[in-house]
Amino acid sequence: MINKDRAIAKFMELVQIDSVSLNERGVADNLTAYFEALGYEVFEDQKSRAAAPQANAGNIIVKIPGVGTKAQDDIIILEAHMDTVEPGNGVKPSITEDGLYVVSDGTTILGADDKAGIAQILEVEAVLRENNLDHPPLELVFAISEEIGLLGAFNLDTGIVKGKMGFVLDGGGGPGTAIIGGPDYYDIVGKIIGKASHAGVAPDQGISSIQVMADAISNMKLLKVDEDTTTNIGRVICDYPTNVVPEVTRFEMEIRSLVPEKAQKQLKHVQDTLQASADKFGARLEFEVSQSLHAYHHDDSTPVIQRYKAMCERHGLEYEGIVMRGGTDVSGLTFNGIDAICLAAGGEYAHELRERLIIDEFLANIQQVLWLVTE
Ligand SMILES: [Zn+2]
């Protein structure tokens with residue numbers, strides 16, 4: 001029932017529409033025109049637009065009414081993101097000679113992350129429609145700005161999207177593999193403010209912010225804090241002539257944990273350590289925290305996992321639930337009360353110039369989504 005040539009052609013068409021994060025307009029218009037021509041209701045999510053004012057599109061949401069014996073079943077959400085990383089403009093896709101992969105020309109990424117997910121959803125809808133298969137109502141969500149903090153998924157308008165169970169098509173591997181857990185993620189931006197003074201004439205009048213920072217770092221638990229928690233300082237900036245006691249040192253760091261209480265505890269440890277060093281030297285601390293991911297970890301009793309595992313069993317697929325420390329839109333959907341997991345899209349080497357679509361996995365992943373929505 002899956003039309004291989006059509007699915008691959010759609011994928012190739014999508015990757016040729018530039019859509020680096022915040023520039024999703026082209027893909028949004030393409031999908032809107034495609035689904036409106038088929039007679040479906042299409043919405044552009046203004047809540048996501050308002051939350052990302054620099055973006056030139058909002059999430060695109062398509063409502064597909066249920067059919068046949070499943071028409072009154074609970075809604076299922078299928079989700080993929082429209083944006084790509086850089087270098088992602090002017091993608092020239094081609095199929096390798098052995099017919100196994102789609103690749104870029106090597107000067108850009110391919111954009112299988114996540115246009116493979118979008119193309120999967122389009123093929124699923126086409127197969128359902130052509131064969132008049134029974135299925136529950138579907139909500140198709142095509143999100144903006146996943147790659148820059150899951151902005152679309154976090155700011156999804158749940159006034160439009162009513163479903164409570166979702167499959168995000170944005171993972172690696174083949175059928176059977178699902179991402180079922182993800183971390184809390186805190187971004188920290190801060191400053192140590194000491195006191196400037198002449199380093200040769202009046203060093204005792206100054207407070208060296210870099211010395212305070214060094215003191216704090218040497219007392220801080222960093223990198224792998226425990227089996228669930230990590231912390232990293234990515235940037236410390238202090239740039240003065242050597243004859244000035246440096247007044248300000250700026251820093252940026254992150255904390256991730258699969259367990260929210262541990263993330264909170266580590267956040268407190270980091271802030272307390274910085275504050276203690278600032279107090280010790282008479283400096284001041286400015287400390288700003290923003291949370292860009294919210295931890296989730298579905299156990300086997302969750303309906304979405306039960307549905308997925310049952311499908312795997314029926315079709316002899318080996319189920320593997322993976323907990324990941326990176327972000328996917330599942331984090332945003334979960335934050336909005338939607339029970340979701342992330343399934344494979346069919347791509348490999350995401351964010352690299354050698355990124356490619358594994359054609360057989362892409363097709364097998366379409367099949368597993370068809371099973372999920374028709375059985
Ligand atoms: Zn992705």
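**A friendly note on the fold**

1. Leu 150 is buried, with a relative accessible area of 3% (buried means under 20% relative accessible area, exposed over 50%, and partly exposed in between, using a 1.4 Å probe and protein chains only). Leu 150 sits in the loop between β6 (138-143) and α5 (151-154). Its phi is positive, about 55 degrees, although Leu 150 is not a glycine.

2. Before you read on: this is a predicted model, in which local features need pLDDT of at least 70, side-chain atom pairs count only at pLDDT 80 or more, and totals for chains, interfaces and linings use all residues. Residues are numbered from 1 along each chain as its sequence is written, and side-chain values use heavy atoms, leaving out hydrogens and water.

3. Tyr 349 also deserves a look. Phi of Tyr 349 is near 55 degrees, a positive value in a residue other than glycine. Is Tyr 349 buried or partly exposed? Tyr 349 is partly exposed, with a relative accessible area of 28%. You will find Tyr 349 in the loop between β19 (347-348) and β20 (356-358). (Helices are DSSP runs of H or I with at least four residues, strands are runs of E with at least two, and both are numbered from the N terminus.)

4. Next, two peptide bonds. Most peptide bonds are trans. The bond from Glu 86 to Pro 87 is cis, with omega near -5 degrees, and Pro 87 is in the loop between β3 (76-81) and β4 (94-95). Asp 113 and Asp 114 are also joined by a cis peptide bond, with omega about 15 degrees; Asp 114 belongs to helix α4 (residues 112-130).

5. Now try a helix pair. The axes of α1 (residues 4-15) and α2 (residues 25-37) come within 10 Å and cross at roughly 140 degrees (axes are lines fitted to C-alpha atoms, for helices over the stretch in contact, and angles run from 0 to 180 degrees between N-to-C directions). The two helices are therefore oblique to each other (under 35 degrees counts as roughly parallel, over 145 as roughly antiparallel, 65 to 115 as roughly perpendicular, and the rest as oblique). Lys 10, Glu 13 and Leu 14 of α1 meet Val 27, Asn 30 and Tyr 34 of α2 (contact means heavy atoms within 4.5 Å).

6. Finally, find the open sheet of 5 strands, ordered β11-β12-β14-β9-β15 with antiparallel pairing (two strands pair if DSSP finds at least two bridges between them). The edge strands are β11 (223-226) and β15 (284-293). Helix α7 (residues 260-281) lies across β9, β11, β12, β14 and β15, at about 165 degrees to β15.
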